[in-house]
Amino acid sequence: MKRPLKKLPSRLFLFLAAFLFFSFLSNDFGLVDIQKTAIVLAAGIDRTEEGYEVTAQIAVPSSAQGGSGGATSGVNISGEGETVAEAIAQIYAETGWVPKLIFCNLILIGEETAEEDVFSFLGFFLRNEYMSDTCRLALCEGKAKAILSAPAAVDDTSSSALEKLFSDAAEKSGYVANTTLKDFAVGYYGVSESGFMPYIRAMEQPAAKSAGGQGQEENGAAQGKSSALVYSADETALFSRGKFVALLAREETFAYNLLCGKVFAGSFPVETDEGAYSLDVLKNKGSARPDERAERALFSVSVRARVYDRNTPSGMKEITSAEVVPPSVAREAEKRIEKTVLSLWEKCADSDCDLFFLARQLYRSDLRLYREKGGLPLTSLSPSVQAEVVGIR
Amino acid sequence: MDKISQRQLFFFLACVAPVGKLVLLPAQLVYASANDLLFPAAANYLLQAGAIALVMLAARSERTLPELLENTFGKIAGSAVMVCLSFFYFYAAFFPLIEQKLFVQGVFYDTLPSLLVFSPFFVLSAYLCAKPASAIGRISDMAAPVSVVAFAGLLVLSVPSADFSALNPVGAAGADGFLRGTAWSMSWFFDSALLLALIGKFRYRKGMVWKAPLCYLAGGAAVIAFLAVFYGVFSDIALRQTFAFAKIAKYFSAISVLGRIDYVFICLLSLVMVFYTALPLQAGTQALRAAFRDKGSPAIYAAAINAVFFALAVLLNDRFLAVQETITKTLFWIFPLFSCLLPAAALLLRRTPREKTA
């Protein structure tokens, strides 16, 4: 009898520790009532006369809507209020669904909404401890509600279709400049006070049904996708002090990604006297920084590429031998990159968007010079671009 | 057996003590010193390492603190000092306790849970408070490997997302920022005072006077590395990142595919933190018992003290900011008083009792 009693304190200790650990991780023993919880996949923000309209795309299992099951479709519900929080509360009040933002992977901002400081409402999402700050941000043409509400041609929900545009593969192609809530906030609250996000355009795709063959057409018709949308995100919206100030074209977005050294699988066209080429970027390095005196903005791009397409019929031997980029094509590609970078810089300087965070770089590397200059006005910098395109096999 | 071994002591200093500095301290340092957050933390670590060396020198007498006080000041005055010290331990215990409560509520729950969720902490703490110093030793033995693995795991997941250039320009916060950061973070540094409660309960061995501070500084180096990664990950929005160690690893690229695997490490560190949070309460209970010459069962002291702390936690449940401002910004000076000056004063205490005069 004595031995078990001796061991009682240590057993009690173990029991208490286990109980404590369990209660810490219990998450209130099943807090989420799925019937009353709306899992928000994406939120669209539009400005109204009184404040904001928030469109929440809520995940609904297909079987719940009478579908075949397995897939997820979305229901779009809007709420209005003076603040985003009030608009979300209205969704709750009108539907009885508690909007849960933890799975919200996209915040889509209507174009007009971004004419004023977007952190008047993004602050709500940044403060929200129950939302991930890794969610994507995007600005869209027209109203965010219109884009989220219209059926997508390539997926069951518009948010899933939009997220495809921001995939890693898309980013490596160089034709989309992705950002997250956290990265955008770091840019906004830093000394550069600048940021960017992809600009979404939606296009009706009546041909999408016929292009996919009869089976797909029937499927699309069954789901009532009379005017399904496809999207592009190859333009980039520039922000200064939280306001939308300029738009980068597709080529400029590509040049920006080259300068960031993010392109590993993109292709870009080059036209020479010998004909049209398409180069495949296999490796890319880039940098953008102010010089030591902070008088020039130094841009450098280095690309390793091969010929992807010559736009002419060729035999197998010719294809093999013509994969190496001819010097004239490489020089033309360099000129093209330099020209695009200059046009990109002009837009940044004119709109006072420090896209390359040059002010932040100067602040971190030479605080005294930064203070002497009173910051780093972009218009005071003259650009210097150096591009190098080298062909490899 | 009210004893703790040298190994257990070193494990506590190197592996358990750093865990208490990972929740709200990083954001507080950023608030006071912005990108220069590493320097105030290093200053406090150096101060504490010095104080720990002093505690080790005092420990050479192999007398407990109540014995030393009694030898020097007599029974009544010695008891009065022990009561003061026990109140300091209780004061020091309160903020980590609130910190732990907020952490559990904020990180492990989607909405604000009932305070009852946190109540098991007081049950465990009451149990620990009733245990002698040897319990701390065993906890250190168990917690040290857990802490090392979890801490290393979190750092490995976080480093790829960190941009260390964010720590530049060095000195941007100036002397003001440095002093503010040092002062406002002192409430997290009272480990030398916790060791004071243990003198006489471990056998002093040659070299402990430098080995113990070195172990503490090794833990400090890990905390400073953590702070650097933390600021590298969050840069200009670091100020907003409370519960730092629960957030830094979530940007690891594989997490988008695998889910929040970092929670494994977060849970492990939380468990170690539970024990660390209970230690000042344990030290306070033992000091109070010593002041009253061990009259009454330790269980009664432990239950009463934890009941009071539970009541305080309920009472101040919605007043966290006021508590934080008071403890970390207004009354921060109490911490160096007990954790730096008291170890120095302990060197002056008499090892042997005064001879009674006729």
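Helices (H or I, at least four residues) and strands (E, at least two) are DSSP runs here, numbered from the N terminus. Arg241(A) isn't a glycine, yet its phi is positive, about 50°. With C-beta atoms placed from the backbone, buried means 20 or more others within 10 Å, exposed means 12 or fewer, and partly exposed is in between.

Quick housekeeping. This is a predicted model, where local features need pLDDT of at least 70, side-chain atom pairs need 80 or more, and totals for chains, interfaces and linings use all residues. Residues count from 1 along each chain as its sequence is written, while chains are lettered from A and ligands numbered from 1 in the order written.

Now, zooming out. Chain A splits into domain 1 (37–247) and domain 2 (250–390), with bounds from an automatic or database domain assignment. In all, 20 residues of domain 1 contact 23 of domain 2, a contact being C-beta atoms, placed from the backbone, within 7 Å. On the domain 1 side, β8(A) gives the most, with six residues.

Over to chain B. Ala34(B), in the loop between α2 (25–33) and α3 (38–59), is another non-glycine with a positive phi of about 50°. With 18 C-beta neighbours inside 10 Å, Ala34(B) is partly exposed.

Last one: the peptide bond from Asn168(B) to Pro169(B) is cis, omega near -5°. Pro169(B) is in the loop between α7 (133–158) and α8 (174–184) of chain B.

Technical notes:
Two residues are in contact if their C-beta atoms, placed from the backbone, lie within 7 Å.
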